[in-house]
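Thanks for coming, everyone. Please have the viewer open.

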Amino acid sequence: MRVNSMEKLLVSPSPHIRNDVSTAKIMGHVMIGLLPAVIAATVIFGGKALMLIGFCIAVAVILERISGAIMKRPDTTGDLSAAVTGLIFALNLPPTLPFWIALIGLFFAIVVTKMLFGGLGCNFANPAIVGRIVITLSFTSAMTTWSEPFSSDVTTMATPLASRSADYFDMFIGTTSGCIGETSALALIFGFVYLCAVKVITPSTPVAYVGTVALFSWIAGVDPLYQVLAGGLLLGAIFMATDYVTTPVTQTGKIIFGIGCGIITCVIRLYGSYPEGVSFSILIMNIVTPYIDMLCRTKPVGAKKPAKPQKEGM
Amino acid sequence: MPFFGIHLPHKKGTAQSATVKLPLPEVVKIPMSQHMGTPCEPTVKVGDTVTVGQKIGDSTAFMSTPVHSSVSGTVKAIGDYLLASGKVCKAVVIETDGNQTVSEDVKPPQVDDLKSFIAAIKESGCCGLGGAGFPTHIKLNVDIKDKPIDSLVINAAECEPYITSDCREIIERPDDVIDGIKQVMKYLEIENAYICIEKNKPEAIKLMKEKTASEGNIKVVPLRASYPQGAEKVVAYSATGRIVGEGELPSAKGIIVLNVSTAGFISRYLKTGMPLVEKRLTLDGDAFRTPCNVMALVGTPVSKLIKFADGAEGAIAKLIAGGPMMGMCLYDFETPVTKTNNAILGFTEKLAVRKEEQTACIHCGRCVSACPMKLMPNEIAKAYEAKDADMLRKLKLNLCMNCGSCSYVCPARRNVAETNQLAKGLIR
């Protein structure tokens with residue numbers, strides 16, 4: 001016997017089915033895409049690099065949880081975005097960086113840049129990049145102390161960008177000095193192919209970014225291949241310039257974003273006083289992203305141009 | 001290329017299920033509003049004896065078609081009835097006598113020119129059988145001297161998952177479909193017809209190709225199986241390459257789009273004069289143990305269909321009239337079948353209840369790439385929150401056809417399409 005059927009049937013607006021891609025799954029794909037770089041880092045720089053990566057991921061998640069609780073927001077660590085920020089941040093650090101400096105960087109990344117602006121989706125700049133820039137400017141010597149591959153000694157070896165004399169093969173497989181996750185181009189390209197294959201990113205931004213750097217360098221009379229392989233370009237172009245929240249939505253917008261990043265990176269690298277400009281270029285382009293989005297709206301199919309407003313009082 | 005589509009699971013499990021006539025219900029409830037347009041006024045009184053095909057509701061309004069009795073029996077009640085859309089209209093409740101006596105009004109109409117053809121279609125009570133339910137006589141009532149129509153697009157895309165009722169129309173009544181197409185082509189002086197079928201229905205494509213082999217001006221167009229391939233503007237583009245613009249009807253571009261079941265019905269009506277009193281529906285979803293296609297009389301309570309498909313009412317958490325992408329939820333098992341119904345889906349709690357809460361928009365742009373009209377649902381949502389009607393107009397929200405693709409792909413599980421619908425309230 002049916003007592004009251006109105007109580008039993010669910011009523012909701014269409015559509016009644018959804019696909020199975022979720023924010024957490026997308027973030028999971030990004031972490032898988034970074035796995036080759038993590039493995040390469042562990043092989044090249046040893047267990048201390050892996051420990052720093054683990055520390056950063058854990059701290060990022062804990063910071064988001066605590067600050068979220070203080071701000072009385074529902075816990076959002078389940079979407080894995082904090083873990084991804086922690087991982088990307090770690091890959092941007094020198095292997096021998098003291099943990100406490102990493103902690104300060106993560107505080108600026110997660111608490112200041114992300115949570116204070118409203119959490120995931122509301123931050124205007126890439127949290128990992130802001131965190132990295134804060135500690136690069138505050139702890140410049142620690143952030144530019146590099147260790148040699150396969151060695152646990154802290155040395156002040158120059159990175160390929162500074163020395164300008166590294167071997168192509170070393171830079172390709174990663175056996176050179178630099179940030180934990182940036183040295184192995186091969187590992188990063190594996191991640192790029194994976195992310196494109198699972199349709200988490202489109203190739204437009206990385207291709208526009210890397211292409212612009214190569215072209216700019218070639219015109220400026222610098223070895224384009226060297227500029228592409230050296231420094232944090234591939235890590236930035238593949239994993240940070242493709243962050244959904246802080247980059248344009250449309251394909252045209254993504255290409256403009258990539259070209260802008262490429263130009264700024266080259267200007268800083270070739271004419272600025274810093275050897276590396278990837279972080280700054282992405283941050284600057286993050287800031288102009290709302291304007292790129294405004295200029296690059298899609299054109300609806302069959303849309304008619306609105307009638308010109310009639311001038312009144314003529 | 002305009003009109004991107006998204007990939008959906010097809011779920012066409014009932015494609016091989018031949019249509020079964022549903023047993024005669026004891027009582028039918030026939031709403032006076034069966035489609036968009038003006039509702040009819042009942043032309044019968046309580047206590048009247050009615051026969052199959054007898055007119056029981058009519059209207060003098062332009063945007064309206066008459067309603068006919070689907071059964072023979074006695075009018076038990078005429079009362080107000082709450083439609084699934086929330087509007088109230090009159091409904092005629094008829095107790096069947098079991099004889100299904102056919103009305104003497106049912107005889108082939110006299111049709112010799114366009115005017116009498118349109119008049120006959122209006123009397124047939126026909127409206128678009130694809131689901132939207134635009135009255136067919138209005139669609140066909142074009143001034144062919146002024147704006148000639150050169151392409152008749154027969155929409156058999158059936159891009160919604162689960163639904164196979166149009167596919168069954170092709171397979172079971174191919175000659176009616178072809179004849180209906182020819183009749184429309186003849187009276188509207190249309191040169192070419194295109195039967196558009198998604199490639200996931202190879203049997204229907206093969207059959208239509210065979211049947212049209214000797215017809216030089218009727219072409220079968222296999223379409224890529226993507227959603228929303230069956231939307232009017234999309235199917236018109238797929239067949240002719242012409243884009244029906246904002247605020248335009250397809251006829252402005254020399255096109256008429258007709259659902260395949262509508263074409264089949266037109267042929268049968270011209271031959272027999274039996275108005276639109278029955279409808280083929282696909283019954284599917286995980287709450288039905290025996291998914292199938294049925295032919296149901298208009299006014300049959302949905303509960304009879306559920307029983308026929310071995311669905312336990314207790315297990316049904318969500319009952320949908322139409323497909324899972326654009327269908328409407330029913331809240332009452334006694335809702336009557338109407339002319340525009342093409343499917344009833346029963347979902348158990350497993351499919352009906354969403355497990356994940358909606359989270360913040362991450363600007364991934366999936367809704368933008370999914371939108372077949374190339375709108376920007378992310379920007380529309382922002383403008384809606386700001387209650388910025390000018391911006392909503394600039395973003396061409398009026399072009400949104402509520403296909404639901406944006407919600408389907410959203411990884412944050414946001415109700416994107418619902419927001420678009422709400423935002424439309426600001427620009428009306």
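First, terms. On a 1 Å grid over the protein atoms alone, a cavity is a set of points where a 1.4 Å probe fits but cannot get out. A pocket is an open set with protein on both sides within 12 Å along at least five of seven lines, and lining residues have an atom within 4 Å of a point. Grid points are joined across faces, edges and corners, and a volume is the space filled by probe spheres set on the points.

Now the ground rules. This is a predicted model, where local features need pLDDT of at least 70, side-chain atom pairs count only at pLDDT 80 or more, and totals for chains, interfaces and linings use all residues. Residues are numbered from 1 along each chain as its sequence is written, chains are lettered from A and ligands numbered from 1 in the order written, and side-chain values use heavy atoms, without hydrogens and water.

On to the cavities. The structure holds six of 30 Å³ or more. Helices (H or I, at least four residues) and strands (E, at least two) are DSSP runs, numbered from the N terminus.

The largest cavity has a volume of about 300 Å³. Met27(A), Val84(A), Ile88(A), Asp243(A) and Tyr244(A) lie nearest its centre, out of 21 lining residues. Which helix gives the most to this lining? α3(A), with four residues. The classes here are 14 nonpolar, five polar and two charged.

Next, the second largest pocket. About 1100 Å³ of space lies in it. It has 35 lining residues, and closest to the centre are Thr202(A), Gly365(B), Arg366(B), Ser369(B) and Ala370(B). Two or more residues each come from α1 (23-45) and α13 (251-271) of chain A, and from α10 (366-370) and α13 (405-409) of chain B. α10(B) gives the most, with four. Its lining has 16 nonpolar, 14 polar and five charged residues.

Chain A in brief. It has 14 helices and zero strands. Its C-alpha atoms fill a box of roughly 75 × 65 × 40 Å along the principal axes. Of its 314 residues, 53% count as buried, meaning under 20% relative accessible area with a 1.4 Å probe, protein chains only; exposed is over 50%, and partly exposed lies in between.

Last, a strand in chain B. Why is β9(B) largely enclosed by the rest of the structure? Because six of the six residues of β9(B), residues 151-156, are buried. Ser151(B), Val153(B) and Asn155(B) point one way, and Leu152(B), Ile154(B) and Ala156(B) the other. Two strands pair if DSSP finds at least two bridges between them. Six bridges join β9(B) to β10(B), residues 192-198, and the two run parallel. There, Asn155(B) stands opposite Cys196(B). Five bridges join β9(B) to β12(B), residues 255-259, again parallel. Leu152(B) has Ile256(B) as its bridge partner in β12(B).

Methods. Ala, Val, Leu, Ile, Met, Phe, Trp, Tyr, Cys and Pro count as nonpolar, Asp, Glu, Lys and Arg as charged, and the others, Gly among them, as polar.
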